[in-house]
Amino acid sequence: MLEENFQLDTPENVQIDYEVAGIGSRFLATLIDQAWLLLIRGLILLIGGSIFFAFDLEDETGIIIASIGLLLFFLLGWGYYIFFEINWNGQTPGKRQIGLRVVKINGLPVSASEVIIRNLMRAIDVIPSAYGAGLISMFFTKKSQRLGDLAAGTFVIFEQTEVSLSEVKNRNRVDLRFVTPTERVLDMPVEKIRPELHDMAEDFLARSKDLGEGQARKMVSDQLLSQMYTQMELGNDEYIVLSTAMKFDFIRQICVRLRELEADTKNTA
Amino acid sequence: MTPDKFLQRRETDWKALDDLLKQATDRPESLTTADAERLGSLYRAATSDLAIAKRDYPKARLTAYLNQLVGRTHSLLYKKRTLSTRAIRRYFQVDIPVAFRRNVRQFIIAMLLLFVPAIIAGVLANIDPDLAQFILPPGAQALIPQIEEGVLWTEIEEEGRPFFSAIIATNNIQVSFLAFAGGILAGVMTIFVLIFNGLLLGGLMGLTFHYGIGWGLTEFVFAHGVVELSVIGLAGAAGLLLGRSLVSPGLISRGDALRLAAKDAIKLVVACVPLLLIAGLIEGFISPNEFIPFAVKVAVGLGTGALMYAWLILGGRKQHS
């Protein structure tokens, strides 16, 4: 049911891609928030209790402290999410840690009234227990919305946080020092291969260990080679007869030449 | 241009934008006007970089990096202003009363759903107290033997009153949230909450009058009852609004109708919170106090009720028109 991507059109006329947050990541964020709530409730109990016992207060004062504690517990339970989602632009400590954010259905930031609606609807989302109604609703809606999200017109996005600039710069390229291109590869017009295809090939090499030796490696090798051949305008798919291991080596050799080309253009620039 | 070259050329700006973004999130007060202006121009440059990257290298890591950079800046730049005291004041002075008057029909229906069962239950229980076990909800049946002996359960020891008051207020607020949120189940849950509370109120009233302690209960209920019962009507109206939007959305989709209804309904629910805190204070401190004469309690009930309805009926008329 889940529609995985959401595109936001900005006033600058650029589309930003977001991933719709699914049940798993939202569950993790909820766990973190619940842990914080538990901690704060513990602190309230501890502080209230120590005031009572440290000053050896009478029972009447104790009841007043207990009443204040009860109100604080209540305020915390309903107010925690509302407070943070209003002041942190759709995030709570848990959501921030996981990289989630509540946004309007059109991708724009949420308003205070929407935050209040989606959080008061928790009264129904949590029935019959453990967010049962909310889970069913999330399962059947394209944007993984619980009932509160439906009423408020909001949903939760996953802001990609895993790509950093340094990571983009120092892509972990595998060591290809000991790979020498054969005559055949030296003859190829590799300069026609587009940079992003080179990137993909490098990505593939870097991750080939995770892919294992099996079907996945064969499939990706085939796809990469077929695209490379198309871009180099080499008609005959001679590589088809090769074994997977040889195809893999073929890609490595092409990458060696592409890197040389890249270094050349960098030096002349 | 290769992604690497593109990166080399623009890297300093992206880094600067990233740093400003962190600063704006962690220490917004440290941003100067110049910083804010720079953030704007860096953002616009980054959006055009993203557009180029999406066209030329749609699958590169670089594009994913730019996408998240632009996305994070966008949500910062376009975020709603944090709540000002002025906005909150306007919300209570104008928005809530206007929303009440716009949906007064729902409020009346909710009050009928509360009081019609209450009157029926009251009359029945008064005529034949044996019927009470069919009328009263299971939780309240425990009170029946006590009532039969002519003893009220409303006496609260003086030192327990603050705690009792806090319990009452928080519990009632919780019920009003449930009456509102339950509207999303096509209004069924809201109607259930209203009828349930009506039966409870009417059943107990009828039964206590049958055993001659009805005036005692009335004396206890009156001071806080006017506001408290009206608030049940408010929360019920909010839930009925949600329910109606789903049952008969009119010419728009059910999803849109629900969102529109929730915008109005939430104002009625927010109104419930301070009202129930006041009612809770009265119920904890004034209602059980045997030294306050009945007349004063009636005055408190009517007075708070009049203030509440004056707010809802007259509030924001000038500003709105």
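Predicted model: local features only at pLDDT ≥ 70, side-chain atom pairs only at ≥ 80, totals over all residues.
Start with where the two chains meet. Chain B and chain A bury about 5,200 Å² between them, and 71% of that area sits on carbon and sulfur atoms. The contact draws 62 residues from chain B and 62 residues from chain A. As for charge pairs, the rule turns up one salt bridge across the interface of chain B and chain A. A:Asp17 forms a salt bridge with B:Lys54, and the closest N and O atoms of that pair are 3.0 Å apart.

Chain A also holds an open sheet. Four strands make it up, in the order β1-β2-β4-β3, with antiparallel pairing. At the edges are β1 (5-9) and β3 (100-104) of chain A, each of which pairs on one side only. Neighbouring strands of this sheet are turned by 50 degrees against each other on average, direction ignored. Chain B comes in here too: helix α3 (residues 61-77) of chain B packs on the sheet and touches β1, β2 and β3 of chain A. The direction of that helix makes about 90 degrees with that of β2(A). Within the sheet, strand β2 (residues 15-20) and strand β4 (residues 154-158) of chain A pair in the antiparallel sense over two bridges. The bridge partner of A:Val20 in β4(A) is A:Ile157.

Over in chain B, helix α5 (residues 104-127) is worth a look. This helix has 24 residues and reaches 34 Å from its first C-alpha to its last, close to the 34 Å expected at 1.5 Å a residue. Quite a few α5(B) residues are buried, among them B:Phe107, B:Met111, B:Leu114 and B:Pro117. What covers the buried residues of α5(B) includes α4 (85-102), α6 (132-135), α10 (188-210), α11 (214-247) and α13 (294-314) of chain B.

Back in chain A, A:Cys255 lies in helix α12. A:Cys255 has a relative accessible area of 0%, so this residue counts as buried. Leaving aside neighbours within four places in sequence, A:Cys255 is in contact with A:Leu176, A:His198, A:Ala201, A:Glu202 and A:Leu205. A:Leu147 is another story: A:Cys255 and A:Leu147 are 108 residues apart in sequence and 51 Å apart in space, C-alpha to C-alpha.

Most residues other than glycine have a negative phi, and most peptide bonds are trans. A cis peptide bond, however, joins A:Ile127 and A:Pro128, with omega at about -5 degrees. A:Pro128 is found in the loop between α5 (122-125) and α6 (132-140) of chain A. Two residues other than glycine show a positive phi: near 55 degrees for A:Ser144 and near 60 degrees for A:Glu233. A:Ser144 belongs to the loop between α6 and α7 (147-152) of chain A, while A:Glu233 is in the loop between α11 (215-231) and α12 (244-268). Their surroundings part ways, too. A:Ser144 counts as buried because its relative accessibility is 2%, whereas A:Glu233, at 60% relative accessibility, counts as exposed.

Methods. Residues numbered from 1 in each chain as written. Chains lettered and ligands numbered in written order. Heavy atoms only, no water. Buried < 20%, exposed > 50% of the residue type's maximum accessible area, 1.4 Å probe, protein only. Expected span 1.5 Å × (residues − 1). Contact = heavy atoms within 4.5 Å. Pairing = 2+ DSSP bridges. Axes fitted to C-alpha atoms, helices over the stretch in contact; angles between N-to-C directions. Buried area = accessible area lost by both parts, 1.4 Å probe. Salt bridge = Lys/Arg side-chain N within 4 Å of Asp/Glu carboxyl O.
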